Amino acid sequence: MNTVHVSASGSYDIVIGQGLLPSIGERMKAFDKVKKIALVSDDNVYPLYGETVKAAMEAAGFEVSVFVFPHGEHSKCLKTYGELLEFMDEKHLSRSDMIAALGGGVTGDLAGFAAATYQRGIRFVQIPTSLLAMVDSSVGGKTAVDLAHSKNQVGAFWQPSLVLIDTDVLATLPDAEYRCGCSEIIKYGVLGNRTLFDECLKTPIKDQAEHIITVCVSMKRDTVEQDEFDRGERMKLNLGHTLGHVAEALSDFQTLHGQAVSMGMAAITRIAVKQGICSEETLNELLNILRVYELPTEMPYTADQMVDIMLTDKKVAGGTLRVILPEEIGVCRIDSVPAADLKNWLISGGIHE
Ligand SMILES: NC(=O)c1ccc[n+]([C@@H]2O[C@H](COP(=O)([O-])OP(=O)(O)OC[C@H]3O[C@@H](n4cnc5c(N)ncnc54)[C@H](O)[C@@H]3O)[C@@H](O)[C@H]2O)c1
Ligand SMILES: [Zn+2]
């Protein structure tokens, strides 16, 4: 078992290891004055792990109310958020009670935002069950729900009080979701950790999950401690995401996030090669590892389609797009592209007109 400590506006531990779910009740006893817990989960995850977590909380003396919602991004919306708040109110949760998010990033973002706003903010714990949530969304305190046409458009910075990562739950994660988590892990390697990149190539991530997750959350911790509110350094975590988000939107969110990030990393690195920022060899290393993890490396959209989406962002239209470009595996830089140059910039990286 590994523990990573985060000191941001809130300070908390991330514990990572096997067989940790049953320890959640005892661990939550460390928090002052908690009587009730709202346990939030989706309808895939709750049947698998919900009863174990609930029983552990009850054995530790907490009164647990369970809120289960339909799985999927479409539940990360104002409607489910409103239902969750009403549920907590009906159950008479007070300011000193807590929420527990058991699930992937959708559950964590939704329950986290409810925690940030219910009675002006109550404490919450993250129990991430997808690889993506373990290495990314459960750490760092960004919480949000989507609006009809915009992802993560309503949210808050609200740090959890504990993140409990039990790697055993990865056994039931669908393969495509596992690969999406791998895409984010490869991203950490490319943006700042050559050793991690090499380790992922040498041994499958699932065979060294505890170690790899510990390395990734430590990197995220370092970034969040430097730039909790995303004004500079934290931007680097967006490697592959600027173009990835465009691909997600163009697929009408049919392409999974991690797959889109993979396409985005490949595309931005091709552009970096054309600009002389990184070598062909670095690009080949990246394409190779993405293929090893069966992640997509081609952007199936034209430059015109992509620019149209990019210009819907008011910060970009008439201004500049901020992008993260790899220089070599483990080193990247932040750069700006004027909106007027976007199309040629994409074409230079091999994206069709
Ligand atoms: N807050 C942040 O900093 C941050 C960072 C990255 C992503 N996100 C958000 O995270 C979300 C994506 O997260 P996600 O990929 O975990 O999505 P998700 O929560 O929808 O989980 C993916 C799927 O896997 C299932 N699942 C999860 N764990 C399982 C398990 N152990 N066994 C079987 N099935 C399991 C879920 O039911 C779901 O169907 C997006 O909404 C994204 O915006 C937030
Ligand atoms: Zn991501």
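This is a predicted model: local features need pLDDT of at least 70, side-chain atom pairs count only at pLDDT 80 or more; totals for chains, interfaces and linings use all residues.
A residue counts as buried if 20 or more other C-beta atoms lie within 10 Å of its own. Keep that cut-off in mind, because Gln259 has 22 C-beta neighbours inside 10 Å and is therefore buried.

Let me start with the whole protein. The protein has 13 helices and 11 strands. Its radius of gyration is 20 Å, close to the 20 Å that the globule rule gives for 353 residues, so the protein is as compact as a globular protein of that length. Along the principal axes, the C-alpha atoms fill a box of roughly 60 × 40 × 35 Å. Of the 353 residues, 48% are buried. Now take the contacts in the protein with a separation of 6 or more: 73% of them are between residues 24 or more positions apart.

Next, the domains. The domain assignment gives domain 1, residues 2–171, and domain 2, residues 175–348. Their centres, taken over C-alpha atoms, are separated by 27 Å. How many residues does the contact take from each domain? It takes 24 residues from domain 1 and 22 residues from domain 2. On the domain 1 side, the elements that give two or more residues are strand 1, strand 2 and helix 5. Helix 5 has the largest share of that side, with five residues. Sorted by class, the side of domain 1 that touches domain 2 has 13 nonpolar, nine polar and two charged residues.

On to one helix in detail. Helix 8 covers residues 209–226, which is 18 residues. From its first C-alpha to its last it reaches 26 Å, close to the 26 Å expected at 1.5 Å a residue. The buried residues of helix 8 are Ala209, Ile212, Ile213, Thr214, Val215, Cys216, Val217, Met219, Lys220, Thr223 and Val224. What do these buried residues pack against? On the strand side of the list, they pack against strand 1 (2–7), strand 2 (11–17) and strand 9 (162–166). The helices in the list are helix 5 (131–137), helix 6 (175–192) and helix 7 (194–202).

Is Ile14 buried or exposed? It has 25 C-beta neighbours inside 10 Å, so it counts as buried. Leaving out residues up to four places away in sequence, Ile14 touches Val4, Val6, Val139, Val163, Ile165 and Val217. Val217 is also among the buried residues of helix 8. Ile14 and Ser138 are 124 residues apart along the chain, yet their C-alpha atoms are separated by 9.4 Å.

Back to Gln259, which sits in helix 10, residues 257–274. Apart from its neighbours within four places in sequence, Gln259 is in contact with Cys180, Ser183, Leu295 and Pro296. Compare the spacing with Ala249: Gln259 and Ala249 are 10 residues apart in sequence and 13 Å apart in space, C-alpha to C-alpha.

Last, two backbone angles. Most residues other than glycine have a negative phi. Arg120, which is not a glycine, has a positive phi of about 65°. Where is Arg120 found? Arg120 is in the loop between helix 4 and strand 6 (123–128). It has 7 C-beta neighbours inside 10 Å and so counts as exposed. The other case is Glu294, with a positive phi near 55°. Glu294 lies in the loop between helix 11 (280–292) and helix 12 (303–310). With 12 C-beta neighbours inside 10 Å, Glu294 counts as exposed, because the cut-off for exposed is 12 or fewer.

Technical notes:
Residues are numbered from 1 along each chain as its sequence is written. Chains are lettered from A and ligands numbered from 1 in the order in which they are written. Helices (H or I, at least four residues) and strands (E, at least two) are DSSP runs, numbered from the N terminus. The expected span of a helix is 1.5 Å times one less than its number of residues. Two residues are in contact if their C-beta atoms, placed from the backbone, lie within 7 Å. The radius of gyration is taken over C-alpha atoms; the globule rule is 2.2 Å times the number of residues to the power 0.38. Domain bounds come from an automatic or database domain assignment. Ala, Val, Leu, Ile, Met, Phe, Trp, Tyr, Cys and Pro count as nonpolar, Asp, Glu, Lys and Arg as charged, and the others, Gly among them, as polar.
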